[in-house]
Amino acid sequence: MKKIEGIVPVMLTPFTADNQVDYPGLERLINWYLAEGVDALFAVCQSSEMQFLSLEERVALAKFVVEKVQGRVPVIASGHISDDLAEQTTELQAMANTGIDALVLVTNHLDPKNEGSATFYAHLNHLLNALPVSMPLGLYECPAPYRRLLSDEEFSFCANSGRFVVLKDVSCDLPTVTRRVQLAEGTPLAVINANAAIAWPAMQAGSKGFSGVFTNFHPGLYHWLYHHGAQQAEKAHELSLFLSLSAVTETLGYPKNAKIYHQRLGTFASEHCRVNKDNVLEKFWGLGVLLDQIRDGSQIWQQRIEN
């Protein structure tokens, strides 16, 4: 069983201008992530616009990423977007057959109407029985359609089941991350924080990496922070401030702003986005300048950590 920890980008899905998946662009994006030193890839997730992809597209994306990565890092994927339990089962069984290293369950679909733990456990146990025991599982507190955080009891049940290897924690709360790290001690479950504002203190508290949206802008900087920050604490603190402030830009039209960033890098040609139809450069004054500053600041910091 491969460990899922470290820097785990939530992958974008490049599209062509006519709304088809841009597979050559996706291959270049994969190569960019790998060159940045990432530790794993989250291939089908909210940043991938999974709610706007057909099941066939989700499965094809996961298979493509697995094929191109060729085992260099683990690949995980979610892609179950339905509330209906039978449809979820079909989606997850299809994703389990793509060659991925871990299959990630979205917590809000385990309790679609926010009815509580009884519904959560009923859905979860159904899926645990329906999915291959040999398939490592993950959990994702995806913010859409609503953010369904795990209770301590639900978290502990999953950790102690032995089936789960990763949680993408979206609590955005350092005490919660710290408590979960302690609850998971001695189990296979790695807690990976997704909030840039607490990325560094969460790592110091035992979070096994970072899987926030700004892994689509400068994952190499997060890689240094996770793997080397403890040896250079002052520099790590300064870098964490740059990373946290940069991530505020998420509110300005993500994921289209990340696609514009990669369009400027030359990763892929089109900024086309299914989830966001806005002209974000026009809607958010100054966004274009901010994206250039994030690129320039990332280059400056890359030079600093190499010296």
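Me: Which residues in helix 3 meet helix 4, and which ones do they meet there?
Reply: Bear in mind that this is a predicted model. On the helix 3 side you have Leu85, Gln88, Thr89, Leu92 and Gln93, and they meet His123, His126, Leu127 and Ala130 in helix 4.

Me: How many of those contact residues are nonpolar, polar or charged?
Reply: The contact of helix 3 with helix 4 has four nonpolar residues, five polar and no charged.

Me: And at what angle do the axes of the two helices cross?
Reply: Roughly 40°, with the axes of helix 3 (residues 85-96) and helix 4 (residues 117-130) coming within 10 Å. Helix 3 and helix 4 are therefore oblique to each other.

Me: Is that crossing left-handed or right-handed?
Reply: Helix 3 and helix 4 make a right-handed crossing.

Me: Back to His123, is that one buried or exposed?
Reply: His123, which lies in helix 4, counts as buried because its relative accessibility is 15%, and the cut-off for buried is under 20%.

Me: What is His123 in contact with, leaving aside neighbours within four places in sequence?
Reply: Asp83, Leu85, Gln88, His109, Leu110 and Pro112.

Me: Which way do they point?
Reply: Ala102, Val104 and Val106 point one way from strand 4, while Leu103 and Leu105 point the other way.

Me: What about strand 3, does it pair with strand 4 in the parallel or antiparallel sense?
Reply: Parallel, over two bridges, with strand 3 covering residues 75-77. Ile76 stands opposite Ala102 in strand 4.

Notes: Residues numbered from 1 in each chain as written. Predicted model: local features only at pLDDT ≥ 70, side-chain atom pairs only at ≥ 80, totals over all residues. Heavy atoms only, no water. Axes fitted to C-alpha atoms, helices over the stretch in contact; angles between N-to-C directions. Helix = DSSP H or I, 4+ residues; strand = E, 2+ residues; numbered from the N terminus. Parallel < 35°, antiparallel > 145°, perpendicular 65-115°, else oblique. Left-handed = near helix turned anticlockwise from the far one by under 90°. Contact = heavy atoms within 4.5 Å. Nonpolar A, V, L, I, M, F, W, Y, C, P; charged D, E, K, R; others polar. Buried < 20%, exposed > 50% of the residue type's maximum accessible area, 1.4 Å probe, protein only. Pairing = 2+ DSSP bridges.
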